[in-house]
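These are my notebook entries on a single structure. Each one records what I looked up and what I found.

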Amino acid sequence: MSMAMTAKAERVRAKAQQHPLNEHELDLFFGTSAIDATALAAADADARSLASSSLVAPDAVGFQQAQYDDPHMIQFLPGMVLLRRFLSPSEQQRLVDDAQALGLSPSGFYKPTYASGAKCRLHQMCLGKHWNVITEQYDSVRSNHNSAPVLPLSAHWRALAVKSLDAARALDPRVIGQCRAMTPDICVVNYYKKAGRNGMHVDKDESAEALTLGSPVVSFSIGAAAEFAFIDHYPQGSEAVPVVRLESGDVLVFGGPSRRVVHALTRVFPNTEPSWLRMRAGRLNLTFREYQPVEA
Ligand code: MN
């Protein structure tokens with residue numbers, strides 16, 4: 001072991017002793033100072049004025065993007081819509097506060113291990129149903145971890161997801177697929193540190209009906225900006241994959257013809273968290289889905 005590695009191991013050990021948090025108790029306020037209510041109110045006011053500002057430059061590559069009257073809404077693929085900074089600063093802060101309270105419970109954040117033995121490069125907790133990374137199925141208890149019951153999805157979180165979906169539907173009705181409505185009953189909360197990643201995959205583990213009908217996925221980004229790669233098929237060889245930068249407050253919706261979009265979280269941009277946000281450095285991602293559409 002090199003000197004550098006030894007020094008790092010020593011620092012990690014010292015830190016662990018100082019702060020006896022284990023990885024199953026990931027505290028989103030770890031190392032943060034108290035919330036600044038004035039800064040948060042000012043950010044809310046800025047966000048409201050930004051809503052009528054000039055066009056936000058599209059940053060996805062490889063796609064001819066349709067542009068709409070509202071510069072904060074961008075369509076990438078049929079049934080895939082990005083709502084730029086849709087969540088207000090105070091809405092984002094409340095989600096972080098809620099996630100911290102839930103995350104410290106026995107049903108809170110943990111670091112999943114794949115069947116291969118590899119650790120996921122993120123911390124996760126699930127509401128409504130538990131996503132078992134080993135069986136790749138949803139369960140009512142945390143079957144691959146501590147068997148604790150799954151936390152419920154709150155009415156407040158559900159309402160924010162439905163509000164987002166309504167905005168996305170107004171832009172592109174295809175996001176809802178063949179469903180009449182979508183009321184999420186599952187939320188997967190992922191927290192990525194600066195080196196966090198999530199490889200190319202398709203969200204395909206909800207009910208067969210949800211996938212067949214194209215029931216949408218609603219994804220909230222909070223904290224550090226991140227690069228999201230997406231393509232309508234598994235890329236071949238060195239095929240280029242378009243990416244978009246997701247910022248704090250952005251909502252991405254994909255459903256209908258884009259429900260099986262192949263996607264990845266390819267990088268987190270360090271030190272890009274909003275100054276008014278009280279959260280540990282990193283990216284918090286809330287992903288809402290409906291396991292079983294009401295139509296089925
Ligand atoms: Mn996914």
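I began with a strand pairing: in β11, arginine 245 is the bridge partner of glutamate 227. I take helices (H or I, at least four residues) and strands (E, at least two) as DSSP runs, numbered from the N terminus. Strand β10 (residues 226–231) and β11 run antiparallel and are joined by 4 bridges; two strands pair if DSSP finds at least two bridges between them. I then followed the side chains along β11 (residues 243–246) and found that they alternate. Buried means under 20% relative accessible area, exposed over 50%, and partly exposed in between (1.4 Å probe, protein chains only). In a regular strand the side chains alternate between the two faces of the sheet.

Provenance, for the record. The model is predicted, so local features need pLDDT of at least 70 and side-chain atom pairs count only at pLDDT 80 or more, while totals for chains, interfaces and linings use all residues. Residues are numbered from 1 along each chain as its sequence is written, and side-chain values use heavy atoms, with hydrogens and water left out.

Confidence. I noted a mean pLDDT of 84 for the protein chain, with 84% of its residues at 70 or more; pLDDT is the predictor's confidence in each residue, from 0 to 100. Over residues 52–71 pLDDT stays under 50, and the model has 33 contacts beyond four places in sequence for them. Contact means heavy atoms within 4.5 Å. Where pLDDT is low, the predicted coordinates should not be read in detail.

Metal site. Which protein donors does the manganese ion have? I found His201 (NE2), Asp203 (OD) and His263 (NE2), lying 2.1 to 2.2 Å from the ion. Their spacing along the chain is H-x1-D-x59-H. Aspartate 203 lies in the loop between β8 (198–201) and α5 (208–213) and histidine 263 in strand β13 (residues 262–268), so this pair ties together parts that are 60 residues apart in sequence. Aspartate 203 is buried at 7% relative accessibility, and histidine 263 is buried at 5%. Donors are N, O and S atoms within 2.8 Å of the metal (3.2 Å for Na, K and Ca); water is not among the atoms, so sites may look incomplete.

Cysteines. I searched the whole structure for disulfides and found 0; the criterion is a pair of cysteine sulfur atoms within 2.5 Å. Cysteine 187 is buried, at 0% relative accessibility.

Cores. The largest nonpolar core has 42 residues, and Leu28, Trp157, Phe220 and Leu284 have the most contacts inside it. Helix α4 (residues 155–171) gives the most to this core, with 7 residues. Apart from it lies another core of 13 residues, including Cys120 and Trp131. A nonpolar core is a set of buried Ala, Val, Leu, Ile, Met, Phe, Trp, Tyr and Cys residues joined through side-chain atoms within 4.5 Å.

Loop residue. Is serine 215 buried or exposed? Serine 215 is found in the loop between α5 and β9 (217–223), and at 1% relative accessibility it counts as buried. Leaving aside neighbours within four places in sequence, I listed its contacts, among them Cys179, Arg259 and Glu290.
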